[in-house]
Amino acid sequence: MSFLDNRFVNFFKGFAVTGKQPVKPRVTVEYPEQKRQMPERRHGRHVLNRYEDGMEKCIGCELCAGVCPAKCIYVRGADNPPDTPVSPGERYGFVYEINFLRCIHCDMCVEACPTEAITESKLFEFSFTNRDDAIYTKSELVVDDTGKPKVLPWEDWKPGDDQNTSGWVRATAPSGRADLEGTPLWSGELGYGVRPAQAGQSDPTAADYAADFDIALREVEGAELKGVGVSSTRPTRSGEWAPGRS
Amino acid sequence: MTASPLLGSVVAGARLAAAHMVGPGVPTPGARGPYTGDPIFNHGMDLVVWIFVVVKVVLAFAIVMVSVLFMVMFERKVVAALGNRPGPNRAGPDGWLQSLADGIKLFFKETLVPEHADRFVYRLAPYLSLVPVFVAFSIVPVGGTISIGSYTTRLQLADPPWGILVMLMASGISVYGVMLAGWSSGSKYPLIGAVRASAQMISYEAALGLTVATVVVLSGSLHTSAIVAAQHGGFLYHWNIFRAFGAPAAIFFIAITAEMARPPFDLVEAEEELAGGFNLEYSSIGFALFYLAEYAALVINSAIFTTLFLGGPDGPRIAGASVGPLWFVIKVLVLLYVYVWIRATLPRLRYDQLMDLGWKRLIPGSLAMLLIVVGARINWRWGLAALSGSLFAFILLTRAIEVAQSRQEEGSQFSELEAP
């Protein structure tokens, strides 16, 4: 076939390449009407989580602010009031602000957080018309009493955007236990309970391990069981992000 | 040495061709009486004839305007499809009113005139490039005749004795529009773009004229209606694209693409180099008119290609009815698709490649094809002589180009050494 490999033939081969395109299936979707499923680990708007008993997870340690490459997080911690504690520790996040004009959604704050207080939802369709709206304050970031993120007027939440708010596998173990390093574990969360490991991410027993760990942790801390509980649904294969047409 | 027999064959060929050109149904001037024009003028000019003419003018204008709106959208849709995209689909049904929306937007924008612009020429230039394009459409026979009452008229606005030369005139004058637009803007980049454009258009004008001459020799008339009539009688094989051995059609197609500065010859508007080309400073109506002229030229040049090489409205009857205009539109649409396909496929040529193609390939090629066609019209001996002469000239030319290039390369080495 070497006689087909000359300039004249190759010239028309180029036309064949473009000529084939109209009959190929389109990968484009009509975006506003038709939306692709988000990737499992989509980085979107942040939320501040609470424990199943309603306590805030944030302890005001400012690690997220320290690690933030865009310097968009501003945190000030304060001592918990002894009578009405906000978080189950000494201190809590007194001020928590994220400037979404600067945030690059790198998820490093989520990795840095020792208590999984800050995670990212899958919401990316939010736009504001002034700078004040762009700076999310703590009251806007903290989930409400049902464990769902607060819906602000300029945000376009779709079903599923608020679930499994972050699929990030933590590099370090929660609570700093060295023997749990590399195992995806989430502490109990208001509205969702304990989340199992994601499908295909680690060994299938990790979820049970996480549940056991969480129950043990609650027994130790004497925390009251509240919320959905440990039997949260495991993400299925069909829920995975499929590149290409939908 | 070889030039004189070749030149002799041109002269002899032209003389003999004029004497011997008789084909079936070819209206030849002289031998069979004067060529009769549009039958509507046979009974003299009365009011109805005037109305006919005015209506035809308005219709031709409207057809070109609507075809431009269609063409802009057609190109965007097809180039999108060739790139596996849906294309614009927001304005109107499936986006087909997008070009109308763009046009309305452009006409409501402010007209800005640069400070150093020559105001009169700056305003004149868009019309200089637009009007010739519309004039060129007037000679295109869309197909057959139409009878209303006792009046019969052709579906063709004008059929002047100089016929196809109107098209060459129009493309020649369009260069003025581009040139003056770039010059009168009083800005650097439009000027460079305009110089490029005019150099390019003039370079390809010669090849264009020679291929048109080939068709004229084949048909024996400058009348576009006669050119179409000469291709009539037999689907496909009687068309000029085959009667002229294919090459003139290809050369005409390439030359007309370069003439219109369409991709891959759109150096005039090379954004990476010129920031927009000769119409950089234009806004609002001026810009819209240039845009209009560009796409009108595309449609009309496709129509002229159809007339010259694809038999115009020639085609088989459908259900016993003569559907010339339908065949005409189908052929033009196929050509337009090919233009868009080329745009979607080929990368832009470099300027020296553009000039090489024009001067070293197309002009000698079209000249050789003219000689061969003229020779073949006389008899096979002349055709063989022209063919062999052309081949010999082609070999000489190729060798000459090689030598010139090698010398140029040597020269450039020395100039690099001498450069400070």
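**Entry 1: the sheet in chain A**

I started with the open sheet of chain A, which has 3 strands in the order 2-3-5 with antiparallel pairing. I am working from a predicted model, so I keep that in mind throughout. The edges are strand 2 (73-79) and strand 5 (135-136) of chain A, and each of them pairs on one side only. Next I looked up how strand 2 of chain A is held to strand 3 (residues 91-99) of chain A: 7 bridges join the two, and they run antiparallel. One bridge I noted by name goes from A:Asp79 to A:Arg91, the partner in strand 3 of chain A.

I then went to the loop between strand 3 and helix 3 (108-112) of chain A, where A:Asp107 is found. A:Asp107 is not a glycine, yet its phi is positive, near 75°. I also checked its surroundings: A:Asp107 has 18 C-beta neighbours inside 10 Å and therefore counts as partly exposed.

**Entry 2: chain B as a whole**

Over to chain B, where I find 14 helices and 2 strands. Of its 420 residues, 42% are buried. I also looked at contacts in chain B between residues at least 6 apart in sequence, and 78% of these join residues at least 24 apart.

**Entry 3: helix 2 with helix 12**

How do helix 2 and helix 12 of chain B pack? I read an angle of about 50° between helix 2 (residues 47-82) and helix 12 (residues 324-345) of chain B, with the axes 9 Å apart. The two helices are therefore oblique to each other, and their crossing is right-handed. On the helix 2 side of chain B I listed B:Met71, B:Phe74, B:Glu75, B:Val78, B:Val79 and B:Leu82. They meet residues of helix 12 of chain B, including B:Leu336, B:Tyr337, B:Trp341 and B:Arg343. By class, this contact of helix 2 with helix 12 of chain B holds 10 nonpolar, no polar and 2 charged residues.

**Entry 4: helix 9 with helix 13**

My next pair was helix 9 (residues 247-259) and helix 13 (residues 351-378) of chain B, whose axes come within 10 Å and cross at roughly 140°. That angle makes helix 9 of chain B oblique to helix 13 of chain B; the cut-off for roughly antiparallel is over 145 degrees. Helix 9 passes helix 13 of chain B in a left-handed crossing. From helix 9 of chain B the contact uses B:Ala247, B:Pro248, B:Ile251, B:Ile254, B:Ala255 and B:Ala258, and from helix 13 of chain B it uses B:Gly358, B:Leu362, B:Gly365, B:Ser366 and B:Met369. I count these by class as 8 nonpolar, 3 polar and no charged residues.

I picked out B:Ala247, which lies in helix 9 of chain B. Leaving aside residues up to four places away in sequence, B:Ala247 touches B:Gly365 and B:Met369. With 17 C-beta neighbours inside 10 Å, B:Ala247 counts as partly exposed.

**Entry 5: backbone notes in chain B**

Which two residues does the cis peptide bond join? I found B:Pro263 and B:Pro264, with omega about 5°. B:Pro264 is in the loop between helix 9 and helix 10 (271-274) of chain B.

My last stop was B:Ser284, found in helix 11 (residues 284-309) of chain B. B:Ser284 has a positive phi of about 55°, although it is not a glycine. Its 15 C-beta neighbours inside 10 Å make B:Ser284 count as partly exposed.

Methods
Residues are numbered from 1 along each chain as its sequence is written. Chains are lettered from A and ligands numbered from 1 in the order in which they are written. This is a predicted model: local features need pLDDT of at least 70, side-chain atom pairs count only at pLDDT 80 or more; totals for chains, interfaces and linings use all residues. Axes are lines fitted to C-alpha atoms, for helices over the stretch in contact, and angles run from 0 to 180 degrees between N-to-C directions. Helices (H or I, at least four residues) and strands (E, at least two) are DSSP runs, numbered from the N terminus. Angles under 35 degrees count as roughly parallel, over 145 as roughly antiparallel, 65 to 115 as roughly perpendicular and the rest as oblique. A crossing is left-handed if the near helix is turned anticlockwise from the far one by less than a right angle, and right-handed if clockwise. Two residues are in contact if their C-beta atoms, placed from the backbone, lie within 7 Å. Ala, Val, Leu, Ile, Met, Phe, Trp, Tyr, Cys and Pro count as nonpolar, Asp, Glu, Lys and Arg as charged, and the others, Gly among them, as polar. A residue is buried if 20 or more other C-beta atoms lie within 10 Å of its own, exposed if 12 or fewer, and partly exposed in between; C-beta atoms are placed from the backbone. Two strands pair if DSSP finds at least two bridges between them.
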